[in-house]
Structures are given as structure tokens and as C-alpha cells.
Amino acid sequence: MSNQALSALAGQVTAAEFQVVGKSLFKDEFVTCGGVRLSEIDFKTMQSRLVPGLHFAGEVLDIDGVTGGFNFQAAWTTGWLAGQAMAE
Ligand SMILES: Cc1cc2nc3c(=O)[nH]c(=O)nc-3n(C[C@H](O)[C@H](O)[C@H](O)COP(=O)(O)OP(=O)(O)OC[C@H]3O[C@@H](n4cnc5c(N)ncnc54)[C@H](O)[C@@H]3O)c2cc1C
């Protein structure tokens, strides 16, 4: 990424403004998308395959679920797995 593109991205992330004009329909409220690639994670320990000792859990992972419990379940399950592995 060029310095110009990086600067533009930083500006969007830190200073972008949005006007709220209403809300969408129920089941349409996806909040995040993207995150750490699942192929880079050992699911038994939630440890990074790239950086040993670094564990991930929850919404920082590239898992998108329809709202209604799937995101919570993913956060709790991966958090438990990561916590168990880190405690060992
Ligand atoms: C309005 C709304 C409604 C939702 N409804 C649902 C639903 O009905 N069902 C469902 O399954 N999911 C729902 N979700 C999604 C769900 O809440 C998230 O997927 C889940 O909470 C993610 O958990 P997490 O622990 O990964 O992240 P978070 O709950 O975001 O926890 C991250 C924590 O890290 C802390 N933190 C951030 N930066 C730092 C730092 N530098 N140092 C220390 N701490 C830091 C934050 O303060 C926060 O406490 C909803 C989300 C929103 C916003």
C-alpha cells in the first residue's frame, strides 16, 4: 500500500463521519466483517499459526454469523478454548 493510500485509509478510520438516518430490518444488523484469517488459526488452541503464543477469540476472527446468538456463541467458545490453552 502506498503512503498516500495508507494516509487516506487512516483518515477514513479515524475521522470519517456518518449520519444516522434510521435503522434497518431485524436480522439485517451485521456489525463487523473480516478479521484474522481462520486458516492462520489452530482451532484446538486458538493460537496463531504465524505467531506462537498469540491467541485469538471472538469478533477479531473472520467469522460472520447471522445475529441471534451465533456471534456470542463463537466469542464464548473461542474464548474458552483460548483461555484453556493459555492456562496450560
Ligand atoms: C448492537 C449489537 C447487537 C448485537 N446482537 C447480537 C446478537 O443478538 N447475537 C449475537 O450472537 N451477537 C450479537 N452481537 C455481536 C456480539 O455482541 C459480538 O460478536 C460479541 O460481543 C463479540 O465478543 P468479543 O469478546 O469478541 O468482542 P467484544 O465484546 O467487543 O469485547 C472486546 C473487548 O475488548 C476491549 N478492548 C478493546 N480494545 C482494547 C485494548 N486496547 N485494551 C484492552 N481492552 C480492549 C473492549 O472494551 C471490549 O470490552 C451484537 C453486537 C452489537 C454491537
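Which helix does M86 lie in? M86 belongs to helix α2, which covers residues 70-87. Keep in mind that this is a predicted model: local features need pLDDT of at least 70, side-chain atom pairs count only at pLDDT 80 or more, and totals for chains, interfaces and linings use all residues. Residues are numbered from 1 along each chain as its sequence is written.

**Overall layout**
- You'll find two helices and two strands in the protein, taking helices (H or I, at least four residues) and strands (E, at least two) as DSSP runs numbered from the N terminus.
- Their pattern along the sequence is α-β-β-α.
- Of the 88 residues in the protein, 6% are buried; a residue is buried if 20 or more other C-beta atoms lie within 10 Å of its own, exposed if 12 or fewer, and partly exposed in between, with C-beta atoms placed from the backbone.
- Take the contacts between residues at least 6 apart in sequence: 47% of them join residues at least 24 apart, where a contact means that the two C-beta atoms, placed from the backbone, lie within 7 Å.

**M46, in the loop**
- M46 sits in the loop between β1 (41-42) and β2 (47-48).
- M46 counts as buried because it has 24 C-beta neighbours inside 10 Å.
- Though not a glycine, M46 has a positive phi of about 60°.
- Most residues other than glycine have a negative phi.

- M86 has 12 other C-beta atoms within 10 Å, so it is exposed.
- M86 and G53 are 33 residues apart in sequence, and their C-alpha atoms are 8.0 Å apart in space.
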